[in-house]
Amino acid sequence: MSWTSHHKRGEILRGVVAVIDERRDGLLPMDLPGVTETFADELDLLAALQLRWHTRLSGRIETELAGQPMDLEDAVVRAWHSAADDLPGIRTVLDRYHAPPVGQPVDEAMATALAKSQAKEHLTLAVMAGRGAFADTECVRLGSMIEARARAEYVPAVEVVERGPFAGLVDMFRAVRSAA
């Protein structure tokens with residue numbers, strides 16, 4: 001993938017995220033300009049959104065754990081809540097398309113991909129909460145319980161953060177420097 005196509009893909013994905021945050025209907029916006037030219041199919045777009053979710057969740061977990069909390073599981077649950085507040089549209093899409101009985105994957109390939117991704121997320125939640133090791137098969141079940149707790153205790157943020165166009169890292173650093 002060339003730099004231009006990578007940059008275009010990121011730009012289209014940012015547009016998708018903005019639209020799904022606004023719509024909150026859980027549907028993949030395949031109708032947006034550039035989506036079908038950039039992403040091979042619904043699974044390709046869903047995989048990109050899933051990666052964005054996992055990246056944000058992992059970052060939030062690291063941030064929570066950096067404070068050296070006494071209760072690791074509480075920190076992981078707070079991180080899940082923060083990630084869900086940051087990416088409400090993505091969370092809604094992932095929930096809609098997840099495996100039955102809750103969701104509606106469009107085909108077996110999507111159902112399989114989502115199941116694998118969910119198992120990896122559950123494994124990460126359990127390990128980061130100090131409930132086991134990556135080689136421990138019990139961690140997937142424990143992580144599922146942590147996610148269930150996070151969902152049960154989750155109260156969405158009232159305010160939806162408005163996203164402007166992404167200016168790039170250099171412009172972001174300039175803005176921070178000028179604000180100081």
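**Entry 1: a serine to start with**

Is Ser 117 buried or exposed? I looked it up in this predicted model, and Ser 117 turns out to be buried, because its relative accessible area is 11% and the cut-off for buried is under 20%. I found Ser 117 in helix α6, which covers residues 108-128. Leaving aside residues up to four places away in sequence, I noted that Ser 117 touches Gln 50 and His 54. With Gln 50 there is also a polar contact, side chain to side chain, at 3.2 Å.

**Entry 2: stepping back to the whole chain**

I wanted the overall plan next. The protein chain has eight helices and zero strands, so my sketch, read from the N terminus, is simply α-α-α-α-α-α-α-α. Of its 180 residues, 37% count as buried. I also looked at contacts between residues with a separation of 6 or more: 57% of them join residues 24 or more positions apart. For the accessible surface I wrote down about 10800 Å², with 58% of that belonging to carbon and sulfur atoms.

Where is confidence highest, and where is it lowest? The highest value belongs to helix α4 (residues 72-86), with a mean of 97, and the lowest to helix α8 (residues 169-179), with a mean of 54. Over the protein chain the mean pLDDT is 87, and 81% of the residues reach 70 or more. A reminder to myself: where pLDDT is low, the predicted coordinates should not be read in detail.

**Entry 3: a covered helix**

Helix α5 runs over residues 88-97, and I see it is mostly covered, with seven of its ten residues buried. My list of the buried ones reads Pro 88, Gly 89, Ile 90, Arg 91, Val 93, Leu 94 and Tyr 97. I put a mark beside Arg 91, which comes back in the next entry as a lining residue.

**Entry 4: a loop alanine**

Ala 133 sits in the loop between α6 and α7. I noted it as partly exposed, because its relative accessible area is 43%. Not counting residues up to four places away in sequence, Ala 133 touches Leu 123, Val 127 and Cys 139. For the pair Ala 133 and Leu 123 I wrote down ten residues apart in sequence and 8.4 Å from C-alpha to C-alpha.

Most residues other than glycine have a negative phi. I therefore made a note of two exceptions, bearing in mind that general rule. Arg 24 has a positive phi of about 50° and is not a glycine; its place is the loop between α1 (3-23) and α2 (35-38). Gln 68, also not a glycine, has a positive phi near 50° and lies in the loop between α3 (42-66) and α4.

How do they sit relative to the surface? Arg 24 is partly exposed, at a relative accessible area of 35%, whereas Gln 68 is exposed, at 68%.

Note on methods. Residues numbered from 1 in each chain as written. Predicted model: local features only at pLDDT ≥ 70, side-chain atom pairs only at ≥ 80, totals over all residues. Heavy atoms only, no water. Helix = DSSP H or I, 4+ residues; strand = E, 2+ residues; numbered from the N terminus. Buried < 20%, exposed > 50% of the residue type's maximum accessible area, 1.4 Å probe, protein only. Contact = heavy atoms within 4.5 Å. Areas by Shrake-Rupley, 256 points an atom, 1.4 Å probe, with all protein chains shown as cover. Polar contact = N/O pair within 3.5 Å; in protein donor to acceptor, adjacent residues only side chain to side chain. pLDDT = per-residue confidence, 0-100. 1 Å grid on protein atoms, 1.4 Å probe; cavity = no way out; pocket = protein on both sides within 12 Å on 5 of 7 lines; lining within 4 Å.
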